[in-house]
Amino acid sequence: MLNGKSILLGITGSIAAYKSIDIIKGLRQEGASVQVIMTKASRHFISPLSIEIASDGNVYCDMFESPLSHLSLPADSDLFVIAPATANIISKYANGSADDLLSAAMLAFSSLSRPMIIAPAMNWKMYESPVFQRNLKYLISIGVKTVGPERGSLACGEEGIGRMADIGRIIEAIKGSMQEQDLAGDNILVTAGPTREYIDPIRYISNRSSGKMGYAIAKIAKRRGAEVTLISGPTSVVPPDGVNIINTETTNDMYKAVMDNISWSSIFVMSAAVADFMPAETKKEKIEKGDVSLLNLIKTTDILKEVGKLKDRPIVVGFSAEVGYKIERARRKLFEKGLDMIVFNDVTADGSGFDVDTNEVVIIDREGERKLPMMSKEDVAMKILDKIKGIKKTYG
Ligand SMILES: Cc1cc2nc3c(=O)[nH]c(=O)nc-3n(C[C@H](O)[C@H](O)[C@H](O)COP(=O)(O)O)c2cc1C
C-alpha cells in the first residue's frame with residue numbers, strides 16, 4: 001500500500017536504533033522508497049554500512065558532505081518518521097534547533113504540511129520528566145503523530161514506559177498517515193473471535209475462530225479514518241492502535257455489548273463466530289464423566305438477526321463460514337436476517353477460514369455477488385470496506 005511513496009527515516013542515538021533495519025525492510029516490502037538520515041549518536045549504536053545495505057545506499061549523515069540535503073530530502077519525501085526518537089531530538093525539534101542534518105531537515109519539513117511520526121524510545125525517567133513531556137505535548141499540538149512508547153522491560157534492565165513501539169505498530173502508523181481517510185465520520189462496530197459457553201466451571205463449548213478477520217477489519221477501518229469499536233471474544237490477536245476494545249466471553253456478553261453500542265454506529269460488521277449452542281444450565285460443580293448424558297443444549301442468541309430487526313439500524317454486514325461451498329446458505333441468510341451484505345467463505349478450503357492470514361471470500365449483497373481471489377485478510381478487509389462504502393452511497 002506504500003507503492004511509490006517516499007519515506008524519510010531519521011535514526012537517533014538510542015539502543016533501539018538497531019531496530020530501524022527492520023523498519024526499512026518493512027517499508028520497502030510495502031513498496032516505499034526509503035531515505036535515511038542518521039545522527040552522530042545513532043552511529044554509535046548501528047553502523048551506517050548496515051543501514052546503507054538495508055536502504056539500498058540511501059543514507060545521509062552529514063549536512064556539509066551533501067550540501068542542501070537538509071532541504072532536498074524533506075522536499076522529496078511524502079512522510080518523515082523518526083524511529084527511534086531520542087529525548088534530545090524531540091527537544092531540538094520542539095525548540096527549532098537545526099545544528100545537524102536531521103534536526104535541520106525536520107525543521108524544513110515542518111513547513112510542508114506533510115505527516116511526521118515520531119517513535120520515542122528512552123529510559124522511563126527521561127520519558128516521565130516534565131521537561132520532556134512539555135516538549136512532547138508541544139509536538140503533538142502542532143500535528144506530529146506519536147507511536148508508542150510501550151511499557152515493559154527496558155534495555156537498561158529497569159521496568160517502565162519507554163520501549164520503542166513494536167515495528168508493526170510503527171509501520172501501521174505510517175500506512176494510516178498515507179491512507180485516504182474515506183471513512184472519517186463513520187462509527188464502525190466490529191465483532192471478532194469466538195465466544196465460550198460454559199458447561200461447568202472448567203469446560204466450555206466454543207469454536208476454532210481466531211479473530212484474525214475481524215481484527216483486520218477493525219485495523220483497516222481505523223487506518224481509513226473511522227472511529228472503531230471492536231467487541232472481541234477470547235483471542236490472542238493484538239488489537240490495533242486507536243481502536244476501542246471491549247472484551248467479552250459468552251454470546252450473551254457479546255450480545256449485550258453490541259446492543260449497548262449499536263445506536264451510535266453507522267456500520268456493524270459481525271465477524272465473530274459465536275458458539276451456536278449453549279448448555280441449558282451451567283453446572284456449578286464439575287460434571288462427572290458418567291453424567292455426560294445430562295448435557296442439554298439450547299440455541300444462543302442470534303446477534304446478527306436481532307440487529308437486523310432493529311428499526312433504526314446501521315448498515316449490517318454478516319459472515320457465513322461454511323464447511324464446503326454452500327453459498328446458497330449465505331444467500332439465504334442475507335435475506336432471512338435482514339442484512340445489507342454477507343461475506344461467504346468455505347473454511348475447509350486451503351488458505352481460508354480459521355487461524356490463517358489469508359482468506360478466499362465471496363461478497364454478496366442485495367444487488368449481486370463478487371468472488372474474490374485468495375488474498376491476505378487485510379486485503380479482504382479493504383475490499384469489504386470498499387463495498388460497504390458503495391452501500392452507504394446507495395442509502396445515503
Ligand atoms: C548506551 C546509551 C543508550 C542511550 N539510549 C538512549 C535512549 O534510548 N533514548 C534517549 O533519548 N537517549 C539515549 N541515550 C542518550 C543519547 O544517545 C544522547 O542524548 C545523544 O546526544 C542523542 O543524540 P541524537 O538525538 O542526536 O541522536 C543513550 C546514551 C547511551 C550512551
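The following conversation concerns the predicted model shown above.

Reader: How is the protein divided, and how far apart do the centres of domain 1 and domain 2 lie?

Author: Domain 1 covers 6-178 and domain 2 covers 187-395, with bounds that come from an automatic or database domain assignment. Their C-alpha centres lie 38 Å apart. Residues are numbered from 1 along each chain as its sequence is written. Because the model is predicted, local features need pLDDT of at least 70 and side-chain atom pairs count only at pLDDT 80 or more, while totals for chains, interfaces and linings use all residues.

Reader: How many helices and strands are there?

Author: The secondary structure comes to 13 helices and 22 strands. These are DSSP runs numbered from the N terminus, helices being H or I with at least four residues and strands being E with at least two. The C-alpha trace spans about 80 × 50 × 40 Å along its principal axes.

Reader: What share of the protein is buried?

Author: Buried residues make up 43% of the 396 residues. A residue is buried if 20 or more other C-beta atoms lie within 10 Å of its own, exposed if 12 or fewer, and partly exposed in between, with C-beta atoms placed from the backbone.

Reader: Which residues have the most contacts inside the largest nonpolar core?

Author: They are L9, V36 and A119, in a core of 54 residues. A second, separate core of 50 residues includes L183, L304, F319 and I342. A nonpolar core is a set of buried Ala, Val, Leu, Ile, Met, Phe, Trp, Tyr and Cys residues joined through C-beta atoms within 7 Å.

Reader: Turning to the ligand, which residues are closest?

Author: The closest are T12, G13, S14, A41 and T86, among 14 residues that surround the ligand. A residue is counted as near if its C-beta atom, placed from the backbone, lies within 6 Å of the molecule. Helix α4 (residues 87-94) gives the largest share of this shell, three residues.

Reader: What is the make-up of that shell by class?

Author: The shell has seven nonpolar, seven polar and no charged residues. Here Ala, Val, Leu, Ile, Met, Phe, Trp, Tyr, Cys and Pro count as nonpolar, Asp, Glu, Lys and Arg as charged, and the others, Gly among them, as polar.

Reader: Where is F45, and what is it in contact with?

Author: F45 is in the loop between β2 (33-38) and α2 (48-55). Leaving aside neighbours within four places in sequence, F45 is in contact with G13, S14, I15, A17 and Y18; a contact requires C-beta atoms, placed from the backbone, within 7 Å. F45 counts as partly exposed because it has 18 C-beta neighbours inside 10 Å.

Reader: Which peptide bonds are cis?

Author: The bond from A83 to P84 is cis, with omega near -5°, and P84 lies in strand β4 (residues 79-85). A cis bond also joins G148 and P149, with omega about 0°; P149 lies in the loop between β6 (145-146) and β7 (150-153). Both A83 and G148 are in contact with A119.

Reader: What is phi of D56, and is that residue buried or exposed?

Author: Phi of D56 is near 65°, a positive value in a residue other than glycine. D56 counts as exposed because it has 12 C-beta neighbours inside 10 Å. Another positive phi, near 55°, belongs to S113, which is in the loop between α5 (101-109) and β5 (116-120). Most residues other than glycine have a negative phi, and most peptide bonds are trans.

Terms used:
Contact = placed C-beta atoms within 7 Å.
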